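Please keep the sequence and the model in view while reading.

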Amino acid sequence: MPHLTLAQVESLAVAAHEGQTDKAGRPYAEHLRAVADGVRARGGSDEQIAAAWLHDAVEDDALSADRLESAELPRAVKDMVLALTRHPGEAPETYARRILATPGALLVKEADLAHNADPTRLAALDAPTRARLTAKYAHVRALLGLSAP
């Protein structure tokens, strides 16, 4: 069975997140593009770039886990997306272990964290939210063994 092209994965992700915005009120697709571009800039594979486009789709209820499973995507892409999907009430340590155990997922999460912690993005948030998120991102980076951005 042929797999979706990167352009088709991008279209699927953008459509799935249609109408969603990030914490600063920007269209969510901008974050997806930035993470995909970050993966590409870090030398990521096409599978990792596809996972970057879809990394928040299941977590944000933009795409059901069943829809992801039925999508014409390589198993590695599905595994990365599922590894990057936080579960309600899940401990950050459990989340980090799953990412570290899934081939390719760490690079996608690194690009995601880099964009999330971008000072320009954080500047659009109120001070308490900015401080909370900065601490959260730093904690996850430490759990994953990633150096500061």
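Which residues does A50 touch, not counting residues up to four places away in sequence? A50 touches L6, V9 and V77, where contact means heavy atoms within 4.5 Å. A50 is found in helix α3; helices (H or I, at least four residues) and strands (E, at least two) are DSSP runs, numbered from the N terminus. Because its relative accessibility is 5%, A50 counts as buried. Buried means under 20% relative accessible area, exposed over 50%, and partly exposed in between (1.4 Å probe, protein chains only). Between A50 and R40, ten residues apart in sequence, the C-alpha to C-alpha distance is 10 Å.

The structure is a predicted model, in which local features need pLDDT of at least 70 and side-chain atom pairs count only at pLDDT 80 or more, while totals for chains, interfaces and linings use all residues. Residues are numbered from 1 along each chain as its sequence is written, and side-chain values use heavy atoms, with hydrogens and water left out.

## Overall architecture

The chain has nine helices and zero strands, and its pattern along the sequence reads α-α-α-α-α-α-α-α-α. The C-alpha trace spans about 50 × 30 × 30 Å along its principal axes. For 149 residues, a compact globule would have a radius of gyration near 15 Å, and the value of 15 Å for the chain agrees with this. The radius of gyration is taken over C-alpha atoms, and the globule rule is 2.2 Å times the number of residues to the power 0.38.

Of the 149 residues in the chain, 40% are buried. Among contacts between residues at least 6 apart in sequence, 58% join residues at least 24 apart.

Helix α1 covers residues 6-16, and its buried residues include V9, L12 and A13. Seen down the axis of α1, the buried residues fall within an arc of 95°, so they line one face of the helix; the arc is that of the directions from the helix axis to the C-beta atoms. The exposed residues A7 and A15 are carried on the face of α1 turned away from its buried side. The cover over the buried residues of α1 includes α2 (28-41), α3 (46-54) and α4 (65-70).

In helix α5 (residues 75-83), the buried residues are V77, K78, M80, V81 and A83. Their cover includes α3, α4, α6 (92-101) and α7.

## L113 in helix α7

L113 lies in helix α7, residues 105-116. L113 counts as buried because its relative accessibility is 2%. Leaving aside neighbours within four places in sequence, L113 is in contact with Y137, V140, R141, L144 and L146. L113 and K78 are 35 residues apart in sequence, and their C-alpha atoms are 20 Å apart in space.

## Loop residues

The loop between α3 and α4 holds D61 and A62. D61 has a positive phi of about 60° although it is not a glycine. Most residues other than glycine have a negative phi. With 70% relative accessibility, D61 counts as exposed, whereas A62, at 18%, counts as buried.

Not counting residues up to four places away in sequence, A62 touches A16, H17, Q20 and A57. A62 and Q20 are 42 residues apart in sequence, with 8.9 Å between their C-alpha atoms. E18 is found in the loop between α1 and α2 and is exposed, with a relative accessible area of 64%. The C-alpha atoms of E18 and A62, 44 residues apart along the chain, are separated by 8.4 Å.

## The largest pocket

Rolling a probe the size of a water molecule over the atoms shows where empty space is left. On a 1 Å grid over the protein atoms alone, a pocket is an open set of points where a 1.4 Å probe fits, with protein on both sides within 12 Å along at least five of seven lines; lining residues have an atom within 4 Å of a point. The largest pocket has a volume of about 410 Å³. Grid points are joined across faces, edges and corners, and a volume is the space filled by probe spheres set on the points.

The largest pocket is lined by 23 residues, of which K23, Y28, D56, N116 and Y137 lie nearest its centre. The elements giving two or more residues to this lining are α2, α7, α8 (119-123) and α9 (127-144). The lining residues divide into ten nonpolar, three polar and ten charged. Here Ala, Val, Leu, Ile, Met, Phe, Trp, Tyr, Cys and Pro count as nonpolar, Asp, Glu, Lys and Arg as charged, and the others, Gly among them, as polar.
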